[in-house]
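Colleague: I've got a model open and I'd like to learn how to read it. Could you walk me through a few features?

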Amino acid sequence: MLTVALPKGRIAKETLEIFETIFGETFAFDDRKLILDTPNFRFLLVRNQDVATYVYHQAADIGVVGLDTLEEQGLDVIRLLDLGRGYCRVAIGMKQGEKLDLTKPEIKVATKMVNITKRYFAERAVAADVIKLYGSIELAPLVGLADMIVDIVETGTTMKQNGLEVVEEIMESTTHLIANKNSYFEKKAEILDIYEKINKVVSES
């Protein structure tokens, strides 16, 4: 029995579709239930930001989470497979027409992704004042809270509709299959078995 942590929403749906392809049966959560039990798997439905935490602390053996979240959290989990789904970018956005100038003495950046942002500017030896926000990041440059934002971008539409544009891409992200180290050794045969089956579906799609 493997316990699988999935983030609510599209990624959970896409991952369960992969399991349906592999096993030829339906995998679906009932209504608002957060646990789905099947003969060989227990699926947990959690917040995207919590998937790696459930896996790291061994409440789940494996999980599916975006690379951006893994990089932001930095938890010590095994990255088994890039599923190639849920593509997005982590990018710097500024007001339309403005240019990114890393030589400015003071740079204020608003973001939900504090660690990725700090790393990006530290690697360029830029002292940036990073302001943590929990939502509506696009608002920050418009009201003078920050010079720029670092945010997840899928199509860029949200930025555009708020008078911003992408000026620099920090990283690309797709969903990854992860495992905790204990489970990987204790349940290696089961984990490698599902890894190989998922890899086959992903490779053929």
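This is a predicted model: local features need pLDDT of at least 70, side-chain atom pairs count only at pLDDT 80 or more; totals for chains, interfaces and linings use all residues.

Colleague: How many aromatic pairs does a search of the whole structure find?

Modeller: The search turns up 10 aromatic pairs.

Colleague: And how do I describe one of them?

Modeller: In general, you give the distance of the ring centres and the angle of the planes. Take Phe-19 and Phe-43: their ring centres are 5.1 Å apart and the planes sit at 90°, so this pair is edge-to-face. Planes over 60 degrees apart get that label.

Colleague: Where in the fold do Phe-19 and Phe-43 lie?

Modeller: Phe-19 is in helix α1 and Phe-43 is in strand β3, residues 41–46, so the pair ties together parts that are 24 residues apart in sequence.

Colleague: β3 is a strand, so let's do sheets. What is the strand order in the open sheet of 6 strands?

Modeller: Reading across, you get β2-β3-β1-β4-β11-β5, and the pairing is mixed. At the edges are β2 (35–37) and β5 (78–82); each has a single partner strand, so one side of each has no neighbour in the sheet. Neighbouring strands here are turned by 25° against each other on average, ignoring direction.

Colleague: In which sense do β2 and β3 pair?

Modeller: Antiparallel, over 3 bridges. To find your place on screen, look for Ile-35, which stands opposite Leu-44 in β3.

Colleague: What about the open sheet of 5 strands: what is its order?

Modeller: That one runs β8-β7-β9-β6-β10, with mixed pairing. Its edge strands are β8 (128–132) and β10 (164–173), each pairing on one side only. From one strand to the next, the twist averages 25°. β7, residues 107–111, pairs with β8 in the parallel sense over 5 bridges, and Thr-111 stands opposite Lys-132 in β8.

Colleague: Last one: which residues does the UniProt domain annotation cover?

Modeller: The unreviewed UniProt entry annotates residues 47–199 as "domain: ATP phosphoribosyltransferase catalytic". In the model, that span is 33% helix and 32% strand, and its end C-alpha atoms lie 24 Å apart.

Conventions
Residues are numbered from 1 along each chain as its sequence is written. Side-chain values use heavy atoms; hydrogens and water are left out. Two strands pair if DSSP finds at least two bridges between them. Helices (H or I, at least four residues) and strands (E, at least two) are DSSP runs, numbered from the N terminus. Axes are lines fitted to C-alpha atoms, for helices over the stretch in contact, and angles run from 0 to 180 degrees between N-to-C directions. UniProt positions are given in the numbering used here, feature names are shortened, and annotations may be inferred rather than shown by experiment. Rings of Phe, Tyr and Trp (its six-membered ring) pair if their centres lie within 6.5 Å; planes under 30 degrees apart count as stacked, over 60 as edge-to-face and the rest as tilted.
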